[in-house]
Amino acid sequence: MRHFNGFEYRQDILHVEDVALPTLVTEFGTPCYVYSKAAIKAQWDLLTGAFAGHDCLPCYAVKANSNIAILQLLAAWGAGFDIVSVGELERVLAAGGAANKVMFSGVAKREDEIRAAIYHQIGCINIESEYELSRIQTIAAEMKMPARVSVRINPDVDPQTHPYISTGLKQSKFGVTSEVALSLYQSTIDDPWVSAVGIDCHIGSQITDTAPYRQAAEHVFRFVAELERMGIKLKHIDLGGGFGVTYEQESPPAFDAFAAQILPLFEGTDYQLVLEPGRSLVANAGILLTRVEYIKDTSVHKFSVVDAAMNDLIRPALYQAWHTILPLVDKSDANSCEYDVVGPVCESGDFLAKARLLPELGSGDVLAVMSAGAYAMTMASNYNSRQKPCELLVDGAQVNIIRRREALSDLWQHESLLVDSCVPD
Ligand code: LLP
């Protein structure tokens, strides 16, 4: 079996740290997300170790996994946060994160979101268009409060990843060209409230090669040199997130390899390096536990029908993503069969794996869908009126319930019945 930090078979039973997963199934049921604190910490230490040679602020991309307990851990370890909504900002604050270490990304920040960002005096608002800068300028002047901004450059680099998560090409909706960026920086020069403190870029996610990253960084540095020539001196350079992880057979470079490409550019400068890693910190630190309801054998396929579905983990349906699937009880001696692992949702796109070789399964077997710590629970929905799973965070032998399973009544808690007069006879 491939090594998953924090997860291993001990006497044929899959464990998360010191906890046997079947005990969690008995106590908490399925579907259920389980995270390993040690696995997240190990990634955090590798990242911060790799970039230790320069002043570096890793701002965890909250969208990857926004559970407040996970944010709380990262805040305690010194992380800043990359957010894309006021909802994420409020989560970070609720978790004890420092507002001045928050970067606000995203192409469409509403007025109320900008107001909240300025009110809380977050570290930086990453501007994605000329309209957004003028909106920030108006609001900061109205509030008579300072706003720190950065301009997101689109370096027109192909990150060679899935098209849906590729963001640094010039045809994408993200960032602005160097020419537009220049005029944006110029228009902050005399602004009494808005100051340009940084520059940022983010070319995509699940990047498994250092070359596009280096190209984007070089593009940013060329532009920064131009700004310096014009007398505009920034404090930080934010190169975004995107470090790839292993789901199947990818062999993404280690953080050290990315650092070896990037840090030389910073040598001899006093720019703070900001990073926005999401997936690389949490993806392989989480799993989704799901129970086999039925084995359905048609003349064409063998289906393992499980109790988790695309509403719980949409990555396979949306990106044809691969997630390793392991039985909780090691059955390496058993015969293997090819299964489509599918959920109960009424769509043919509802699958967790296609044509997957697994040991022969039966109803009641429990499976661990691996690498489900990032973009899994955060993308979950209530489609088909299915309750969202619970989330557990394991630390050694200690199990923490960090989100309870939704109750049935939670499903319609925000809805209202019509008043009598509106209901037809
Ligand atoms: N910064 C910005 C501005 C971003 O848009 C993103 C991710 C990140 C940082 C974090 O990137 P990471 O280090 O996690 O690669 N739902 C997709 C991934 C979408 C990524 C969106 N932006 C998936 O499941 O693969």
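Visitor: What should I know before looking at the model?
Guide: The model is predicted, so local features need pLDDT of at least 70, side-chain atom pairs count only at pLDDT 80 or more, and totals for chains, interfaces and linings use all residues. Residues are numbered from 1 along each chain as its sequence is written, and side-chain values use heavy atoms, with hydrogens and water left out.

Visitor: Which residues come nearest to the ligand?
Guide: Ser205, Glu276, Arg315, Tyr319 and Tyr375, of the 19 residues around it. A residue counts as near if one of its heavy atoms lies within 4 Å of the molecule.

Visitor: Which polar backbone atom is 2.8 Å from an oxygen atom of the ligand?
Guide: One of Gly242. Gly278 also has a backbone N or O atom 2.9 Å from a ligand oxygen. A polar side-chain atom of Lys63 is 3.5 Å from an oxygen atom of the ligand. A polar contact here is a pair of N or O atoms within 3.5 Å.

Visitor: How much of the ligand does the protein cover?
Guide: The protein covers 92% of the 590 Å² of accessible area that the ligand has on its own, by the Shrake-Rupley method with a 1.4 Å probe.

Visitor: New topic. What domains are there?
Guide: The domain assignment, which is automatic or from a database, gives domain 1 (7–36 + 283–412) and domain 2 (105–277). Their centres, taken over C-alpha atoms, are 36 Å apart. The contact (heavy atoms within 4.5 Å) takes 11 residues from domain 1 and 8 residues from domain 2.

Visitor: And where does the ligand lie relative to domain 1 and domain 2?
Guide: Between them, because both domains give residues to the shell around the ligand.

How values were computed:
Polar contact = N/O pair within 3.5 Å; in protein donor to acceptor, adjacent residues only side chain to side chain.
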